[in-house]
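Me: I would like to go through this model with you. Could you take my questions one at a time?

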Amino acid sequence: MFTAPYFLLFAAHLLRFVSGYERIVAGRKCPQKSGLCTGDDWVSFQIYGRNDKETGRPVHVAFGTSNITDAGYKQNASIAILIHGYADSSRSFLLVNIKNELLRNSDMLVVMMDWSKLVPGGCYFTSVYNIRYAGGCLSDLITSMNRPSSGLHVIGFSLGGHVPAAAADYLAPYKIPRITGLDPALPLFWGYFSQRRLRKNDGIFVDVVHTNAFIEGHFLTLGHVDFFVNGGVIQPGCGSTVLDKIGCSHARAPMYYNESINTEVGFWGCTTRYLHIEGSCKPENVKWLMGYHVDTNLQGIVIVKTASTSPFALGKP
């Protein structure tokens with residue numbers, strides 16, 4: 001499951017992140033931001049609905065308040081907040097595709113959170129540090145929504161998968177109704193002195209999709225239910241070189257999730273133990289659906305198999 005070549009690649013990734021700490025990005029050192037969310041442009045939000053899913057409307061957040069109700073939000077309405085990862089932005093096609101799929105057949109709202117100025121490439125250490133500030137801004141947005149008891153779903157990819165954990169610290173004892181972690185980042189988020197990572201206590205229901213565990217994605221069980229897809233490490237159909245396989249496998253988490261929203265067949269799997277995540281399901285044990293329509297009473301570890309090319313969902317055997 002976790003062989004020596006992958007360990008060496010993980011070490012190489014970590015070394016690359018460490019060496020980037022003092023890099024100059026856009027003419028300045030890697031940014032570090034702390035304190036209260038002040039409404040500047042370090043973190044921004046854009047809200048979209050079915051009738052304006054291309055342009056959206058800006059949501060201004062500062063000091064625990066926002067104009068999200070003026071932008072169309074009503075208490076406990078169905079709303080998803082999407083959070084991108086390291087060296088990326090809210091314009092990432094991976095998350096834009098999820099936004100569009102969510103709005104395709106629904107009158108829900110989708111908020112795209114952009115914290116790209118806090119996570120520039122070559123600045124992984126400070127990007128991890130900046131999670132707390134980004135989480136504070138997210139908590140301010142949720143507070144301005146009167147901390148809804150239902151309807152709120154926060155979806156974070158890679159490094160963005162840990163932002164809800166930072167928000168949860170500010171919001172406690174309130175819990176976010178649902179959090180989805182799409183291959184939450186591993187580097188600096190494991191071990192005794194690691195940064196605060198996503199955990200199941202951060203939300204009423206937390207589901208996690210693992211597609212590049214031990215390398216770019218986390219290998220521990222972080223949610224109420226953790227889905228290890230195709231063994232959770234390297235995904236089928238991903239590239240010809242090892243580095244291509246890593247990046248492609250990491251990106252498969254949002255791709256699978258995107259497809260899960262409106263697929264007619266679904267991503268189905270069976271429960272298992274951690275040591276058996278590379279195994280296969282007996283047909284009679286395939287009972288659990290992965291993705292947007294997951295059973296929120298489900299707990300434990302589920303293994304799922306996919307096709308090597310899109311459409312990835314295989315349905316029930």
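**Disulfides, cores and confidence**

Me: Before we go on, what are the ground rules?

Reply: This is a predicted model, in which local features need pLDDT of at least 70 and side-chain atom pairs count only at pLDDT 80 or more, while totals for chains, interfaces and linings use all residues. Residues are numbered from 1 along each chain as its sequence is written, and side-chain values use heavy atoms, with hydrogens and water left out.

Me: Back to that pair. Where do Cys30 and Cys123 lie?

Reply: Cys30 is in the loop between strand S2 (28–29) and strand S3 (44–48), and Cys123 is in the loop between S8 and helix H3 (124–129), so the pair ties together parts that are 93 residues apart in sequence. Helices (H or I, at least four residues) and strands (E, at least two) are DSSP runs, numbered from the N terminus.

Me: Is Cys30 buried or exposed?

Reply: Cys30 counts as buried because its relative accessibility is 8%. Cys123, at 0%, counts as buried too. Buried means under 20% relative accessible area, exposed over 50%, and partly exposed in between (1.4 Å probe, protein chains only).

Me: How many disulfides are there in the whole structure?

Reply: A search of the whole structure finds 4. With bonded cysteines counted along the chain, they follow the pattern 1-3, 2-4, 5-6, 7-8.

Me: Which residue is joined to Cys37 by a disulfide?

Reply: Cys37 is joined to Cys137, with an S to S distance of 2.1 Å. The torsion of this bond is about 105°, so the disulfide is right-handed. Cys37 lies in the loop between S2 and S3 and Cys137 in helix H4, so the link ties together parts that are 100 residues apart in sequence. Cys37 is buried, with a relative accessible area of 5%, and Cys137 is buried at 0%.

Me: And where do Cys238 and Cys248 sit?

Reply: Cys238 is in the loop between strand S12 (225–229) and H6, and Cys248 is in helix H6, 10 residues apart. Their sulfur atoms are 2.0 Å apart. The torsion is about -65°, so this disulfide is left-handed. Cys238 counts as buried at 1% relative accessibility, whereas Cys248 counts as partly exposed at 22%.

Me: New topic. Which residues have the most contacts inside the largest nonpolar core?

Reply: They are Ile81, Trp115 and Leu159, in a core of 45 residues. Helix H4 (residues 131–144) gives the most to this core, with 7 residues. A nonpolar core is a set of buried Ala, Val, Leu, Ile, Met, Phe, Trp, Tyr and Cys residues joined through side-chain atoms within 4.5 Å. Apart from this core lies another, of 33 residues, among them Tyr48, Val209, Tyr256 and Tyr257.

Me: What is Ile81 in contact with?

Reply: Leaving aside neighbours within four places in sequence, its contacts include Val111, Met113, Leu138, Leu141 and Ile142. Leu152, His153, Val154 and Ile155 are also among them. Contact means heavy atoms within 4.5 Å.

Me: Why is helix H5 described as largely enclosed?

Reply: Because 7 of the 9 residues of H5 (residues 163–171) are buried, the helix is largely enclosed by the rest of the structure. Its buried residues pack against strand S7 (79–83), strand S8 (109–114), H4, strand S9 (152–157) and strand S10 (176–182).

Me: Is Ser149 buried or exposed?

Reply: Ser149 counts as exposed, at 53% relative accessibility. Ser149 is in the loop between H4 and S9. Not counting residues up to four places away in sequence, Ser149 touches Asn76 and Pro177.

Me: Last one: what is the mean pLDDT of the protein?

Reply: The mean is 92, and 91% of the residues reach 70 or more. pLDDT is the predictor's confidence in each residue, from 0 to 100. Over residues 1–5 the pLDDT is below 50, and it stays under 50 over residues 14–22.

Terms used: A disulfide is a pair of cysteine sulfur atoms within 2.5 Å.
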